[in-house]
Amino acid sequence: EAGEAARADFLRHWQAEFPGEPAPRMELGSVRAMERELERCRRHLRRLQRALAEERFKVGYLEAALARTPAP
């Protein structure tokens, strides 16, 4: 079945990239299912990129503020 072949291919690639880490469960049984997974992953990636940008900003701000603050 195409879905099983796609799942096996995904697992092989996942393990090559992230050895020892369990692969996430994804629906890969049809083109439509893969398109839905892709959109879900893209939304998640946008949220994570936003969170990363926010944390980087806070770190930069705090480092600069501490550099301007005289030591006690």
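This is a predicted model: local features need pLDDT of at least 70, side-chain atom pairs count only at pLDDT 80 or more; totals for chains, interfaces and linings use all residues.
## Around Glu-37

Glu-37 touches Met-26 and Glu-27, leaving aside residues up to four places away in sequence. Is Glu-37 buried or exposed? Glu-37 is buried, because its relative accessible area is 12% and the cut-off for buried is under 20%.

## What the record says

The record gives "domain: Bcr-Abl oncoprotein oligomerisation" for residues 8-68. In the model, that stretch is 79% helix and 0% strand, and its end C-alpha atoms are 54 Å apart.

The record also places a "coiled-coil region" at residues 31-58. Here the model shows 100% helix and 0% strand, with 41 Å between the end C-alpha atoms of the span.

How many aromatic pairs does a search of the whole structure find? There are two aromatic pairs. The rings of Phe-10 and Trp-14 have centres 5.8 Å apart and planes at 35 degrees, so this pair is tilted. Phe-10 and Trp-14 both lie in helix H1, where they are four residues apart, about one turn of the helix. The rings of Trp-14 and Phe-18 have centres 4.5 Å apart and planes at 45 degrees, so this pair is tilted too.

Trp-14 takes part in both pairs, and ring pairs link Phe-10, Trp-14 and Phe-18 into a cluster. As for cover, Phe-18 counts as partly exposed, because its relative accessibility is 38%.

## A salt bridge in helix H1

The count of salt bridges in the model comes to six. Why are Arg-12 and Asp-9 separated by about one helical turn? The reason is their spacing: they are three residues apart in helix H1, which covers residues 2-17.

The two partners fall into separate accessibility classes. Arg-12 counts as exposed, because its relative accessibility is 52% and the cut-off for exposed is over 50%. Asp-9, at 35% relative accessibility, counts as partly exposed.

The side chains of Arg-32 and Glu-35 meet in a salt bridge, at 3.4 Å from N to O. Arg-32 and Glu-35 are both in helix H2, three residues apart, or about one turn of the helix. Glu-35 counts as partly exposed, with 37% relative accessibility.

Lys-58 and Glu-55 are separated by about one helical turn, because they are three residues apart in helix H2. Lys-58 is partly exposed, with a relative accessible area of 41%, and Glu-55 also counts as partly exposed at 41% relative accessibility.

Which residues form a nonpolar patch on the surface? They are Phe-57, Tyr-61 and Leu-62, with about 370 Å² of accessible area together. Of these, Leu-62 is found in helix H2.

Leu-66 lies in helix H2 as well. Leu-66 is exposed, because its relative accessible area is 62% and exposed means over 50%. For a sense of distance along this part of the chain, the C-alpha atoms of Leu-66 and Ala-53 are separated by 20 Å, and these two residues are 13 residues apart along the chain.

Note on methods:
Residues are numbered from 1 along each chain as its sequence is written. Side-chain values use heavy atoms; hydrogens and water are left out. UniProt positions are given in the numbering used here, feature names are shortened, and annotations may be inferred rather than shown by experiment. Helices (H or I, at least four residues) and strands (E, at least two) are DSSP runs, numbered from the N terminus. Buried means under 20% relative accessible area, exposed over 50%, partly exposed in between (1.4 Å probe, protein chains only). Contact means heavy atoms within 4.5 Å. Patches are made of residues with over 30% relative accessible area and no salt bridge: like charges are joined within 9 Å, nonpolar side chains (Val, Leu, Ile, Met, Phe, Trp, Tyr) within 5 Å. Accessible areas come from the Shrake-Rupley method with a 1.4 Å probe; for residues, only the protein chains shown count as cover. A salt bridge is a side-chain nitrogen of Lys or Arg within 4 Å of a carboxyl oxygen of Asp or Glu. Rings of Phe, Tyr and Trp (its six-membered ring) pair if their centres lie within 6.5 Å; planes under 30 degrees apart count as stacked, over 60 as edge-to-face and the rest as tilted.
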